[in-house]
Amino acid sequence: MLNLNDIDLFVFDFDGVMTDNSFYLSENGEESVKLSRSDGLAISVLHKLKKEILILSSESNPVVSLRAKKLLLKVKQNSKDKKKTLENYCYKKNISLDKVMYVGNDINDYFAIKTCRFSACPYDSHQEIKDIVTYNLSTKGGYGVIRDLIENVFEINLVNILKEN
């Protein structure tokens, strides 16, 4: 079990972590994705525990912005070099990379994951990512990965946290 006090920043990739890495494309060219409400509940618990959270995406997409806004999350989009973006973010916020939990699923997360002391990936991640992360989760992307992380890696009982206050 990992102690929540070991983490100052949670970083989540969007596509493949918060989504199942699929998208819907309308005839008007509008994209939409399927998200898990379980992740939203887990994020609300992280907020209650006063943890900083960042969505870090290589894409620039209004869906990411809308989800971040709804969940009150900081977001960095259109990152062509996630490692550099993360390092800059942590430098500006005075957060040690030894206190970062990065959750990603694909090759574009590889170097950012390697930079962090703690990392996790969904069950259906690319094998290269599965081989380097600290924790391989049992949940597929888009099906409650963040909740899986909070409940099973950190062993946090969401009910106990949510009933406080």
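Me: Which residues of helix 1 meet helix 6?

Reply: From helix 1 you have Ser38, Asp39, Leu41, Ala42, Ile43 and Leu46, and they meet Val145, Ile146, Arg147 and Ile150 in helix 6. Contact here means heavy atoms within 4.5 Å. Helices are DSSP runs of H or I with at least four residues, strands are runs of E with at least two, and both are numbered from the N terminus. Keep in mind that this is a predicted model, where local features need pLDDT of at least 70 and side-chain atom pairs count only at pLDDT 80 or more, while totals for chains, interfaces and linings use all residues. Residues are numbered from 1 along each chain as its sequence is written, and side-chain values use heavy atoms, with hydrogens and water left out.

Me: At what angle do helix 1 and helix 6 pack?

Reply: About 45°, with the axes 7 Å apart. Helix 1 is residues 37–48 and helix 6 is residues 145–153. The axes are lines fitted to C-alpha atoms, for helices over the stretch in contact, and angles run from 0 to 180 degrees between N-to-C directions. That angle makes helix 1 oblique to helix 6. For the cut-offs, under 35 degrees is roughly parallel, over 145 roughly antiparallel, 65 to 115 roughly perpendicular, and the rest oblique.

Me: And is the crossing left-handed or right-handed?

Reply: Helix 1 passes helix 6 in a left-handed crossing. Left-handed means the near helix is turned anticlockwise from the far one by less than a right angle, and right-handed means clockwise.

Me: Staying on helix 6, which of its residues are buried?

Reply: Val145, Ile146, Asp148, Leu149, Ile150 and Val153. Buried means under 20% relative accessible area, exposed means over 50%, and partly exposed is in between, using a 1.4 Å probe and protein chains only.

Me: What covers them?

Reply: The cover includes helix 1, helix 7 and several strands, among them strand 1 (9–12), strand 6 (100–103) and strand 7 (118–121).

Me: Asp148 is on that buried list. What does Asp148 touch?

Reply: Not counting residues up to four places away in sequence, Asp148 touches Leu137, Ser138, Thr139 and Val153. Its relative accessible area is 5%. Asp148 is also 109 residues from Asp39 in sequence, yet their C-alpha atoms are 8.5 Å apart in space.

Me: What follows helix 6?

Reply: Glu155, which has a positive phi near 50° although it is not a glycine. Most residues other than glycine have a negative phi. Glu155 is in the loop between helix 6 and helix 7 (158–163), and it is exposed at 54% relative accessibility.

Me: What about Lys50, what's its phi?

Reply: Near 60°, a positive value, and Lys50 isn't a glycine either. Lys50 sits in the loop between helix 1 and strand 4 (52–56) and is exposed, with a relative accessible area of 74%.

Me: Ok, last bit. Where is Val103, and what is it in contact with?

Reply: Val103 is in strand 6 and is buried, with a relative accessible area of 1%. Leaving aside neighbours within four places in sequence, Val103 is in contact with Val11, Phe12, Asp13, Val17, Ala120, Val145 and Leu149.

Me: Is Asp13 buried or exposed?

Reply: Asp13 counts as buried, at 4% relative accessibility. You'll find Asp13 in the loop between strand 1 and strand 2 (24–25). Its contacts beyond four places in sequence include Lys82, Asn105 and Asp109.
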